[in-house]
Amino acid sequence: MINPAIILAAPFAAAAISLPPTPPVAAADLWREGVHLEWWELSDLLQECTGWTVKPGHCPDDPDEVGHWLIDPSGDREGDIWPGPDIDDLENFVGWRIDEALASADL
C-alpha cells in the first residue's frame, strides 16, 4: 500500500522556489532605527561619517581588562579604553558625532 503522505508531498518536493538574495542593510540605516551595533559595525559607520574608528584591545595598565579604543583619524588612541565587551557607553559618547554627520550628508 502506498502512503498517501508521499503522494501529497511529491508535487511540493519537486517545486523548487528560488528567492533572490537579500541585500545587506547599511549600518547607517540600522543606526537611524536604533539598532544596537556590534563594535565593528559601529567602527565602520563612525569611520564612514567622521574618520574615527573603534578597535578592541587591552588596557596597558591591566592586561586582563578588555575593552575598546576610540581611534582618531590619524590613528592615535583617544582617551582611556572603554572597558568591557559592552559598547553602550562608547555608542553614547560617539553617537552625536554620527547623528550630526548623517544629518548633514546622505549616507
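Leaving aside neighbours within four places in sequence, Ser43 touches Trp52, Thr53 and Val54, where contact means heavy atoms within 4.5 Å. The model is predicted: local features need pLDDT of at least 70, side-chain atom pairs count only at pLDDT 80 or more, and totals for chains, interfaces and linings use all residues. Residues are numbered from 1 along each chain as its sequence is written, and side-chain values use heavy atoms, with hydrogens and water left out.

**Overall layout**

The chain has four helices and three strands, arranged along the sequence as α-α-α-β-β-β-α. Helices (H or I, at least four residues) and strands (E, at least two) are DSSP runs, numbered from the N terminus. Of the 107 residues, 28% count as buried; buried means under 20% relative accessible area, exposed over 50%, and partly exposed in between, with a 1.4 Å probe and protein chains only. Among contacts with a separation of 6 or more, 33% join residues 24 or more positions apart. The accessible surface comes to about 7,700 Å², and carbon and sulfur atoms hold 58% of that surface. Areas come from the Shrake-Rupley method with a 1.4 Å probe; for residues, only the protein chains shown count as cover.

Ser43 belongs to helix α3, residues 39-50. A polar atom of the Ser43 side chain lies 3.0 Å from the backbone nitrogen of Val54. The twelve residues of α3 should span 16 Å at 1.5 Å a residue, and the end C-alpha atoms are 16 Å apart, so the two values agree. The expected span is 1.5 Å times one less than the number of residues.

Leu42, Ser43, Leu45, Leu46 and Cys49 are buried in α3. The buried residues of this helix pack against α2 (27-32), β1 (53-58), β2 (66-71) and α4. Just after α3, Gly51 takes a positive phi of about 90°.

**A link to the last helix**

Ala101 sits in helix α4, residues 88-104. Ala101 and Cys49 are 52 residues apart along the chain, yet their C-alpha atoms are separated by 5.5 Å.

| Residue | Relative accessible area |
|---|---|
| Ser43 | 7% |
| Ala101 | 12% |
| Cys59 | 14% |
| Cys49 | 16% |

Cys49 counts as buried because its relative accessible area is 16%, and Cys59 is buried at 14%. A search of the whole structure finds zero disulfides, a disulfide being a pair of cysteine sulfur atoms within 2.5 Å.

Definitions and conventions. A polar contact is a pair of N or O atoms within 3.5 Å; within protein, one must be able to donate a hydrogen and the other to accept it, and residues adjacent in sequence count only if both atoms are side-chain atoms.
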